[in-house]
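Subject: Structure handover

Hello,

Here is the structure I promised to pass on. Please open it alongside this note.

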Amino acid sequence: MNWEQYKIPAAVVFLAILPVVFFQEGATYISRIFTIFIMFATLALALDVAFGQTDQLLLFTGGIVGIGTYTTVDLAASLGVSLWATILIGGLFAGVVGAVVCYVAARRQLNVIVISILTISLQLAMVQTFNALRDITGGNTGMEVPALTAEAITSTMGWEPLTFLYYLFLLLLTALMVVHHYLTNSKYGLAFDMIRQDEVSAASTGVAVVRYKAFAGFVATFFMGLVGPLYVQIGGYATPGMFQFATIDVLVLIILVVGGMRTIYGPIVGAALIVYVNEALQAAQEFRTMVFGAMLIVLFLYFRNGIVRYARDLAVDRFDLGDRLPG
Amino acid sequence: MLTANGVTKTFGGLTAVDDVTFEIGEQEIVGLIGPNGAGKTTLFNTITGVHPPNAGSITFNDAELTGMEPHQIARRGVARTFQTARTFNESSVLENVVVGAVFGNESSPSLDAAEDRAHDCLEFVGLDGRGEEEAGSLTIADRKLLELAKGIAAEPDLILVDEIGAGLTGAEIATITDTLERARAERGISVFWIEHVMEAIMSSTDRIIVLNQGRKIADGSPAEVRDDPQVAEAYLGGVEV
């Protein structure tokens with residue numbers, strides 16, 4: 001279908017227009033929420049590469065984002081260069097960590113439940129480590145993060161820092177959408193589909209299961225790692241608490257499932273909805289965890305296909321119905 | 001082409017395959033029979049790398065297979081089907097076969113080339129025109145044919161077929177048997193074939209290997225095997241008389 005090739009441009013144009021319509025000078029509250037929205041959309045699409053495509057439920061998104069952040073920031077500080085110079089290294093390092101974990105898990109033939117237990121343990125250990133490594137992370141109290149700016153662009157466009165950050169996220173999300181699209185429409189996607197359905201049969205057909213799973217893990221965590229240094233720009237500082245399971249992973253997981261796995265729009269729709277709900281619940285902080293916990297349970301039990309797939313199926317049903325009805 | 005020498009596979013204290021030696025030649029159809037638990041599927045698993053043998057060697061076209069990963073063995077030209085057809089049921093029929101064409105050998109064709117080859121293989125097994133259907137919606141017999149098409153799409157030298165006749169009607173078995181014979185005749189593929197349906201295997205194999213309690217007890221033409229007293233005993237011995 002022709003529509004396929006316009007999917008990503010359509011999403012990018014739509015997301016690019018949002019700041020023009022909604023961002024107002026001085027109203028950082030609104031632009032902050034939109035920036036958080038696009039960040040979570042990026043993280044959810046990254047998780048989709050591992051979880052949606054190859055059934056590796058990685059529950060250490062927060063920790064990986066932290067690794068990307070600290071690698072980028074601390075390396076830049078010790079080399080005396082800007083974050084631009086080290087952000088790719090931060091992403092690559094996060095990706096290598098993710099690839100190693102996925103490689104070992106695939107090698108040991110850990111199923112989806114075991115890999116989720118493994119990664120959630122790693123998540124807890126990572127945040128503990130961030131807390132302990134005061135020299136690198138500033139410990140509990142955190143550390144200030146140098147700004148990721150490009151004077152030339154922001155002054156020409158007349159952007160505020162958050163607007164610039166939003167477009168930076170959009171750039172990253174666009175790259176991820178392109179990679180996601182390429183992977184799912186190539187031999188990689190074919191291998192992912194088969195691995196997800198039956199690993200033994202896939203291997204006996206000639207698919208290098210371990211290599212593909214490790215690769216999917218690398219791509220997912222590489223992008224998560226790149227999100228890190230951008231994420232900490234929102235507040236200009238980084239504390240280990242910002243990388244906790246409850247802060248990052250819970251939302252990313254709900255967004256991916258509610259929006260729809262194995263779709264490009266799912267994470268965007270899911271992030272819009274969940275970030276909105278999250279903001280609406282700010283007034284009732286004590287219920288927030290409860291609401292999201294309940295949501296996660298209900299989603300996994302009854303709504304695994306997500307909004308985007310649900311809408312697509314509905315449209316197809318209606319369409320067929322229309323064909324059958326006389327007149 | 002395939003040579004197994006002293007292959008032994010134990011699980012804990014149980015010896016599932018016990019010092020088995022055999023050979024399969026070019027374009028040969030060889031049956032593998034034996035009572036339940038004789039170690040037939042385990043022998044397949046040692047060849048395909050799913051359960052590497054504890055002792056012995058398996059060579060294929062002069063390359064040692066033991067120690068290789070299942071996907072490496074598949075890419076060297078050993079395809080297989082499973083007792084319960086393990087098709088990718090959420091994917092389309094065509095995709096199932098494309099996977100075999102893309103990943104099943106060293107040539108790594110483009111997706112387009114693989115699709116052409118897949119269409120050809122679907123036609124070969126008689127599933128042409130059904131490529132867009134979901135594999136899970138096919139009957140068991142058709143899924144077995146689909147698995148065969150996936151295997152053939154890899155252009156293997158040898159295909160291991162595990163109880164492909166189980167649960168099928170006589171007519172369906174005849175179709176499968178015919179397809180296997182044509183795979184050999186038209187595509188030069190050797191077949192190593194586990195089967196419980198005796199009529200099928202007796203009439204269409206060149207040679208039959210018999211396993212009992214992990215050991216090879218006979219290896220000869222269907223007629224020789226049928227008249228072998230040891231084979232008769234192995235089968236009758238398994239029945240409460």
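Predicted model: local features only at pLDDT ≥ 70, side-chain atom pairs only at ≥ 80, totals over all residues.

**Where the chains meet**

Chain B puts 24 residues in contact with 16 residues of chain A. On the chain B side, helix 2 (70-75) and helix 3 (93-103) each supply at least two residues. Helix 3 of chain B gives the largest share, six residues. By type, the side of chain B that touches chain A has 11 nonpolar, seven polar and six charged residues.

**The sheet in chain B**

Chain B holds an open sheet of six strands. The order is 6-7-8-3-9-10, and the pairing is mixed. Strand 6 (78-81) and strand 10 (215-220) of chain B are the edge strands, each pairing on one side only. From one strand to the next, the twist averages 15 degrees.

Look next at strand 3 (residues 29-33) and strand 8 (residues 190-194) of chain B. They run parallel and are joined by four bridges. B:Gly31 has B:Trp193 in strand 8 of chain B as its bridge partner.

Two helices of chain B pack on this sheet. Helix 5 (residues 140-153) of chain B touches strand 6 and strand 7 (158-162) of chain B. Its direction makes about 170 degrees with that of strand 6 of chain B. Helix 6 (residues 170-187) of chain B touches strand 3, strand 7 and strand 8 of chain B. The direction of helix 6 makes about 155 degrees with that of strand 8 of chain B.

**A helix pair in chain A**

Helix 3 (residues 61-79) and helix 5 (residues 112-132) of chain A pack at about 35 degrees, with axes 8 Å apart. The crossing is left-handed. From helix 3 of chain A come A:Gly62, A:Gly63 and A:Gly66. They meet A:Leu122, A:Gln123, A:Met126, A:Val127 and A:Phe130 in helix 5 of chain A. This contact divides into four nonpolar, four polar and no charged residues.

**The core**

The largest nonpolar core has 169 residues. Which of them touch the most other members? A:Phe40 and B:Ala149 do. Helix 11 (residues 209-231) of chain A gives the most to this core, with 16 residues.

Leaving aside neighbours within four places in sequence, A:Phe40 is in contact with A:Leu251, A:Val252, A:Ile255, A:Ala271 and A:Val275.

Over to you.

Best wishes

Terms used:
Residues numbered from 1 in each chain as written. Chains lettered and ligands numbered in written order. Contact = placed C-beta atoms within 7 Å. Nonpolar A, V, L, I, M, F, W, Y, C, P; charged D, E, K, R; others polar. Axes fitted to C-alpha atoms, helices over the stretch in contact; angles between N-to-C directions. Left-handed = near helix turned anticlockwise from the far one by under 90°. Pairing = 2+ DSSP bridges. Core = buried A, V, L, I, M, F, W, Y, C linked by C-beta atoms within 7 Å. Buried ≥ 20, exposed ≤ 12 C-beta atoms within 10 Å, placed from the backbone.
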